[in-house]
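Q: Could you go through this structure with me, a bit at a time?

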Amino acid sequence: MEYIGEHLLPGEIGRFSVSLAFGAAIVAFIAYYLNSKTEDKRYHKIARSAFLAHAAGVIGIVLSLFYLLLSHYFEYDYVWKHSSLDLEQRFVFSAFWEGQEGSFILWLFWHAILGLILMFTAKKWENHSMMVFSAVQAFLASMVLGIFPFGLKVGSSPFILMRETADNIGLPWTQVADYLDRFPAFMDGSGLNPLLQNYWMTIHPPTLFLGFASTLVPFAFAIAALLKGDLKSWVKPALPWAFFSVGILGLGILMGGAWAYEALSFGGFWAWDPVENSSLVPWIVMVGAAHLLLIYRNKKTGLRAAVFMSILSFILILYSTFLTRSGVLGDSSVHAFVDLGLSGQLLIYLLFFTVIALGLLIWRYRQFPSEANGDDLSSREFWMFIGSLILLISSFQIIFSTSIPVINKLIGPDGFISLLSDEMAPPLDAIKHYNSWQLPFSIVTALLIAIGQYLRYGKTKAKSFWKSISLSLAISLVITGLFAQLYSFWSDPLYLALLLTGIFAAVSNLWFWIVIGKRKWSFAGSSVAHFGFALILVGALISNGRQDVISHSKVNLGDGLPANENALMDLGDTIEMGRYQAVFEGMDTIRDKQFYEVSYFNSIGDAEPEFSLKPFLQMSEQMGPTPNPDTKHFWDRDIYTHVTYSSYLEPVSPDGFVNEAEVKLNKGDTAIYRNHFVILDSLSVNALFDEETQELKAAKLTSHLRVVNVLGEEFPITPAYIIENEMKDHRDTILDVQRMKFRFDDVELETKKIVLKAWTEQEEGVKPFIVQKAIIFPMINILWIGCILMVIGSFIAVWQRILKS
């Protein structure tokens with residue numbers, strides 16, 4: 001059948017580009033392998049040409065998918081699922097990488113870009129490192145192939161048409177040539193997730209995936225070193241890439257925290273969600289790997305650990321991919337992707353590189369150069385190694401707790417190997433669980449950051465060390481005392497310890513750069529990055545540890561909303577929120593958003609508010625009303641608000657009835673509505689047939705129900721459902737005393753149940769209201785400043801390594 005109106009060419013170009021990227025990556029891998037064995041220049045030319053063709057294929061994939069999205073070709077399944085006609089053009093980027101296929105393509109794109117850079121800069125490491133790159137790209141390109149060899153699914157293509165998906169093949173509409181014009185469902189898409197319609201989601205995912213991709217470079221150098229048997233010289237070219245990975249992956253993670261703070265309603269920037277954890281852990285490991293590489297460059301020690309951590313960071317990226325895309329997390333994460341049936345392929349991807357990498361490490365283990373017998377306890381390299389070990393243990397705790405669903409599937413009572421009698425339970429309070437574990441690690445890490453730069457390689461003289469650091473320590477103690485008094489940290493020893501070590505780390509690194517380093521750029525990278533990280537610790541501690549919920553309410557709000565954290569605000573009324581008098585001014589609807597304006601006055605009677613906020617609910621068929629916060633920023637605090645409920649969401653019928661409810665009843669069933677029992681006693685049918693043809697012209701189905709109040713008083717009602725000339729109609733019943741309306745809305749043919757709807761009459765004088773949560777985050781700007789400085793410091797360090805290489 002020839003379908004009318006389909007735009008097949010861009011899809012075919014996209015599919016060809018996927019095939020080209022996949023095939024060329026395999027050719028590049030083989031050619032680089034042969035060149036490494038024979039050093040035949042012909043293989044080198046073939047390998048480079050193949051990888052260039054691979055990169056061209058990847059760019060073709062990206063351009064094809066963007067073209068489909070921008071053109072609104074809803075006959076394509078990916079376009080229909082992730083975009084719509086009313087989607088703002090700037091959010092087309094978000095639609096591109098919302099789905100699994102798009103995010104795989106984004107990852108593939110960054111690998112291709114980094115691979116091209118490496119191909120022309122790796123010099124003697126090109127063959128083996130690009131062999132690793134090409135193998136990774138072949139696996140990654142297979143994720144978007146969308147083919148079924150021998151009945152096995154290999155990848156999921158973003159260029160598949162709606163009529164070609166497994167759910168739609170064989171449906172009646174697929175036999176209609178002009179289905180695009182005849183069926184309204186194909187005239188618009190289902191739209192982008194409202195949570196992703198935020199400017200952060202246009203820049204956070206590409207930055208994060210560049211961070212993911214960057215971990216491949218140190219991994220590729222480490223594997224190349226193990227393959228060649230040259231276990232030393234790889235460190236120099238890998239070192240700037242390791243710090244680049246630390247900087248760019250850290251930036252991507254922090255952007256995600258900023259998005260969560262601005263767009264999500266859990267109240268904060270980090271919730272220890274499994275997907276958040278899955279990006280954090282590889283970054284922590286890469287930080288350790290970068291510092292171990294520094295140790296080896298300066299003291300020729302810790303090489304085995306540097307290789308292991310460089311490998312582990314990329315392996316954890318692959319494991320995180322498996323966690324978030326295989327469906328194994330189930331409902332434990334709000335960010336995880338829907339399983340596309342690729343879990344087996346993802347597992348092969350993970351195991352292939354894990355087994356090869358660890359196998360090579362074990363094979364070469366005894367060939368690593370011998371190292372000096374132990375480091376001096378006062379040396380910088382010793383404490384840097386300890387710091388890297390602390391980071392490894394910290395990351396293990398996070399990934400272990402995150403992996404509890406995987407552990408249950410592997411060794412739980414119903415797992416692959418049943419070793420546990422009961423399933424392991426994930427933490428009920430994830431934030432409390434992770435904070436309690438990570439707090440001691442953070443204290444030790446902050447202390448090591450504080451003293452690290454004052455230690456010398458080899459051996460540190462105690463007198464000069466204490467002389468250099470004593471003033472920083474004294475200043476830190478004074479600042480800690482002020483903050484501890486201001487934010488009441490004296491009664492919590494662990495929080496106080498983190499406050500002291502965090503401030504000490506910030507002051508000592510700033511002092512080191514200004515006084516000892518004399519503000520030279522050669523000292524700036526590590527000092528600025530460490531100063532920024534210390535500010536992150538202090539900012540996170542104060543803003544989260546001393547956050548203050550000011551939206552208290554004495555009313556039991558129900559629906560799982562704690563009465564002491566959500567304020568019920570009637571339109572025009574004034575309630576106390578912290579030191580402010582808050583007034584709900586009204587609601588404005590703009591497109592698919594309901595904005596709720598709340599004004600905050602310093603005192604009752606003020607003519608003008610100090611400020612106003614407009615948190616909003618975004619309406620979506622996918623997710624219903626989605627809360628979006630609004631925040632007032634001060635230099636020393638943020639006031640963060642979001643609406644948890646609104647009376648404007650309650651449906652109102654044209655005749656003034658509200659509180660719609662729907663139940664399905666069989667004969668004899670009972671439902672409860674507004675403190676009344678509703679009982680279906682029977683159904684009666686009246687039918688009218690055409691006298692000549694005996695065809696059904698009209699039918700009236702009458703439901704005979706009783707409404708019984710708490711006193712046992714019964715009120716019979718007979719709402720009816722009418723079909724006439726293929727048109728549906730209803731005869732509602734209104735109970736004046738109870739101020740209720742009932743409708744026989746429909747009939748379920750399969751279950752033979754009637755669908756009954758009920759409303760109550762809206763009372764005169766009842767004000768619209770909202771339920772709002774408001775939180776003060778003190779000193780959160782310390783955290784954001786720390787984020788910026790840490791990233792800047794990391795990139796300064798990259799530039800310094802490049803200049804020295």
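Predicted model: local features only at pLDDT ≥ 70, side-chain atom pairs only at ≥ 80, totals over all residues.

Q: How do β3 and β4 pair, and over how many bridges?

A: β3 and strand β4, the latter covering residues 580–590, pair in the antiparallel sense over four bridges. The two strands make a hairpin with two residues between them, and in this hairpin Gly578 takes a positive phi near 60°.

Q: Which residues of β3 are on its covered face and which on the uncovered one?

A: In β3, which runs over residues 574–577, Ile575 and Met577 make up the covered face, while Thr574 and Glu576 make up the uncovered one.

Q: Switching topic, where is Trp259, and is it buried or exposed?

A: Trp259 is found in helix α10, which spans residues 235–263. Trp259 counts as buried because its relative accessible area is 7%, and the cut-off for buried is under 20%.

Q: What lies by the polar atom of its side chain?

A: The backbone oxygen of Leu195 lies 3.1 Å from a polar atom of the Trp259 side chain.

Q: And how far is Trp259 from Tyr648?

A: The C-alpha atoms of Trp259 and Tyr648 are separated by 27 Å, and the two residues are 389 residues apart along the chain.

Q: What classes of residue are in the lining?

A: By class, the lining of the second largest pocket has 18 nonpolar residues, five polar ones and one charged one.

Q: Back to strands, then: which ones pair with β14?

A: Strand β13 (residues 676–689) is joined by 12 bridges to β14 (residues 696–708), and the two run antiparallel. β14 also pairs in the antiparallel sense with strand β16 (residues 720–724), over five bridges, and with strand β15 (residues 714–717), over four bridges.

Q: Which residues are the bridge partners there?

A: Leu705 of β14 is the bridge partner of Leu680, and Leu705 also has Ile717 in β15 as a bridge partner. For Ala699, the bridge partner is Ile723 in β16.

Q: What about the turn between β14 and β15?

A: β14 and β15 form a hairpin with five residues between them, and Gly712, in the turn, has a positive phi of about 90°.

Q: Last one: what is the strand order in the open sheet of four strands?

A: The order is β11-β20-β19-β18, and the pairing is antiparallel. The edge strands are β11 (657–665) and β18 (733–735), each of which pairs on one side only. From one strand to the next, the twist averages 25°.

Q: And how many bridges join β19 to β20?

A: Eight bridges join β19 (residues 740–748) to β20 (residues 753–761), with the two strands running antiparallel. Across this pairing, Lys741 stands opposite Trp759 in β20.

How values were computed:
Residues numbered from 1 in each chain as written. Heavy atoms only, no water. Buried < 20%, exposed > 50% of the residue type's maximum accessible area, 1.4 Å probe, protein only. Pairing = 2+ DSSP bridges. Axes fitted to C-alpha atoms, helices over the stretch in contact; angles between N-to-C directions. Polar contact = N/O pair within 3.5 Å; in protein donor to acceptor, adjacent residues only side chain to side chain. Nonpolar A, V, L, I, M, F, W, Y, C, P; charged D, E, K, R; others polar.
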